[in-house]
Amino acid sequence: MKLRHEISYDAPLADVYAMLADPAFRQSSATAMGVISADVTITPKGEGMSVHIDQVQPTEGVPGFAKKFAGETTRAVQTEEWDSPAGGTITIETPGKPTSIRGTLALSESGGRTTETLDVEVKVKVPLIGGKLESLMAELVSAGMDKEQVAGEAWLEGERR
């Protein structure tokens, strides 16, 4: 299943990229998403960066068919390889589960406003319910990005004061 989701920030691209490159923001963002724990590592790489976030997420509120598959919590390992501030690749794996999310992240600026675009393929290799799980994962990723956007706006506002 393909997923494209966009969020926008009322800030220049350089400020948004600096925020995304800040481990403290990534921790703050994980907290805003309701993550139980998150281990964040960000390493500068040329013009870009490597981001590794190993997180444990609760599954409360998830439909029964998915909770039976996932358990009480689920671990997600997010890896981003930014070639430049304009974007790069993203992978989200759930160790021990037949699921994956792979694609790209991009930042673009227009009129001092920056849009972050996620373009990914969500795959769940489970007979019968795989499609339902893919839809649910896409919804959860989109909701997480929306929460990150709210946290990001507050972060950027604080940085501009």
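So, overall size. With 161 residues, a compact globule would have a radius of gyration near 15 Å, and this protein comes out at 16 Å, which agrees. Keep in mind that this is a predicted model, so every value here is computed from predicted atoms. If you draw a box around the C-alpha atoms along the principal axes, you get roughly 50 × 25 × 25 Å. How much of the chain is buried? Buried residues make up 43% of the 161. The accessible surface is about 8,200 Å², and 54% of that belongs to carbon and sulfur atoms.

One more overall number. Take the contacts with a separation of 6 or more: 51% of them come from residues 24 or more positions apart.

Okay, on to the parts. You'll find four helices and seven strands. Walking along the sequence, the pattern goes β-α-α-β-β-α-β-β-β-β-α.

Now the sheet. In what order do its strands sit? It's an open sheet of seven strands, ordered β1-β7-β6-β5-β4-β3-β2, and the pairing is antiparallel. At the edges you have β1, residues 2-9, and β2, residues 37-45, each pairing on one side only. On average, neighbouring strands are turned by 15° against each other, ignoring direction. And a bit of background for anyone new to this: strands in a sheet pair through backbone hydrogen bonds, and that pairing can be parallel or antiparallel.

Let's zoom in on two of those pairs. Strand β6 covers residues 99-110 and β7 covers 113-124, and they pair antiparallel over 12 bridges. If you want a spot to look at in the viewer, find Ser 110, which stands opposite Arg 113 in β7.

The other pair is β2 with β3, again antiparallel, this time over nine bridges. Here you can look for Thr 43, standing opposite Ser 50 in β3. These two strands make a hairpin with two residues between them. What is the phi of Gly 46 in that turn? It's positive, about 60°.

Note on methods. Residues are numbered from 1 along each chain as its sequence is written. This is a predicted model: local features need pLDDT of at least 70, side-chain atom pairs count only at pLDDT 80 or more; totals for chains, interfaces and linings use all residues. Side-chain values use heavy atoms; hydrogens and water are left out. Two strands pair if DSSP finds at least two bridges between them. Axes are lines fitted to C-alpha atoms, for helices over the stretch in contact, and angles run from 0 to 180 degrees between N-to-C directions. The radius of gyration is taken over C-alpha atoms; the globule rule is 2.2 Å times the number of residues to the power 0.38. Buried means under 20% relative accessible area, exposed over 50%, partly exposed in between (1.4 Å probe, protein chains only). Contact means heavy atoms within 4.5 Å. Accessible areas come from the Shrake-Rupley method with a 1.4 Å probe; for residues, only the protein chains shown count as cover.
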